[in-house]
Amino acid sequence: MNVHAIRAIYHFEMARTFRTLMQSIASPVLSTALYFVVFGAAIGARMGTVDGVSYGAFIVPGLIMLSILSESVSNASFGIYLKWSGTIFELLSAPVSYIEVLIGYVGAAATKSVMLGILILVTARLCVPYHIAHPAWMVTFLVLTAVSFSLFGFIIGLWAESFEQLQIVPLMILTPLTFLGGAFYSISMLPPLWQRITLFNPVVYLISGFRWSFFGISDVTVATSAAATLGFLALCVAIVSWIFRTGYKLKS
């Protein structure tokens, strides 16, 4: 294992984050804080409780997931997208394996997302009271989600051929799936038909498992949520392995 190569890639990506703190960290934290103010404090005061949890606290896990999913994909995809500047050829000719490249880029993107999740947790405490029933599971779901969607972003970065393609998946697919996946409500509040349809949304399982770690309530079983997260992680690893094995989008 070429630890020096992994460290170099990781440090380069983290340095880019700290050079753009306003865009990378401050902007998503501020945007999420506005959700807490509007939905948690203003509207939440009139909503009462959802499954015995105040509405302001109920949306905390969903809003964290909303930020984690989009930022994990964006951070990882932008990092590897620099291949179009010729960087990818230097990387491919260097004495590093795709595993080491993957650890460097995905590790940095996941680290940024975990940092962002922690900052949003702290910010949420200033707006609404909440508690974490299962801290270890909360950290587990947070890290697994950050790593899984950073891998997904890595794949998008390899596939994209323009900035428009780079943004289309987070904006047109991930964000709608998150809003419709129970970020602001429990799917038990939906009519029976829509409850069944919603179960085809993979984000439901991520939000449900993460919310269970906070309040001990969930729309699907915790085992199902964990299995869905691990399954998505395994799928992304398999796709990345195939990309580097076949040279898809890497060979000119």
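Predicted model: local features only at pLDDT ≥ 70, side-chain atom pairs only at ≥ 80, totals over all residues.
**Two helix pairs**

Two packed helices are described by the angle between their axes and the distance between the axes. Here is how the two pairs come out:

| Pair | Angle between axes | Axis distance |
|---|---|---|
| α5 and α10 | about 130° | 11 Å |
| α3 and α7 | roughly 165° | within 10 Å |

Let's take α3 and α7 to begin with. Angles over 145 degrees count as roughly antiparallel, and the axes here cross at roughly 165°, so these two helices are roughly antiparallel to each other. Their crossing is right-handed. On the α3 side the contact is made by L66, L69, V73, S74, S77, F78 and Y81, and α7 answers with F163, L166, P170, L174, T178 and F179. Sorted by class, the residues of this contact are 10 nonpolar, three polar and no charged.

Now for α5, which covers residues 98–127, and α10, which covers residues 222–246. With an angle of about 130°, this pair is oblique. The crossing of α5 and α10 is right-handed. Y98, V101 and L102 come from α5, and they meet V240, S241 and F244 of α10. That contact has five nonpolar residues, one polar and no charged ones.

**The largest core**

In soluble globular proteins, nonpolar side chains tend to be buried together. In this model, the largest nonpolar core has 49 residues. Which residues have the most contacts inside it? They are V60, I64, Y130, F184, F210, F214 and F215. The top contributor is α3, which gives 12 residues.

F184 is worth a stop along the way. Setting aside neighbours within four places in sequence, F184 is in contact with Y35, F39, Y55, F58, I59, L63 and F179. One of these, F179, also takes part in the contact of α7 with α3.

**The second core**

There is also a second, separate core of 17 residues, with L102, F154, L233 and C236 among them.

Is C236 buried or exposed? C236 sits in helix α10, and its relative accessible area is 2%, so it is buried. Residues up to four places away in sequence aside, C236 touches S148, L151, F152 and I155. C236 and G153 are 83 residues apart in sequence, yet their C-alpha atoms are 9.5 Å apart in space.

Notes:
Residues numbered from 1 in each chain as written. Heavy atoms only, no water. Axes fitted to C-alpha atoms, helices over the stretch in contact; angles between N-to-C directions. Helix = DSSP H or I, 4+ residues; strand = E, 2+ residues; numbered from the N terminus. Parallel < 35°, antiparallel > 145°, perpendicular 65-115°, else oblique. Left-handed = near helix turned anticlockwise from the far one by under 90°. Contact = heavy atoms within 4.5 Å. Nonpolar A, V, L, I, M, F, W, Y, C, P; charged D, E, K, R; others polar. Core = buried A, V, L, I, M, F, W, Y, C linked by side-chain atoms within 4.5 Å. Buried < 20%, exposed > 50% of the residue type's maximum accessible area, 1.4 Å probe, protein only.
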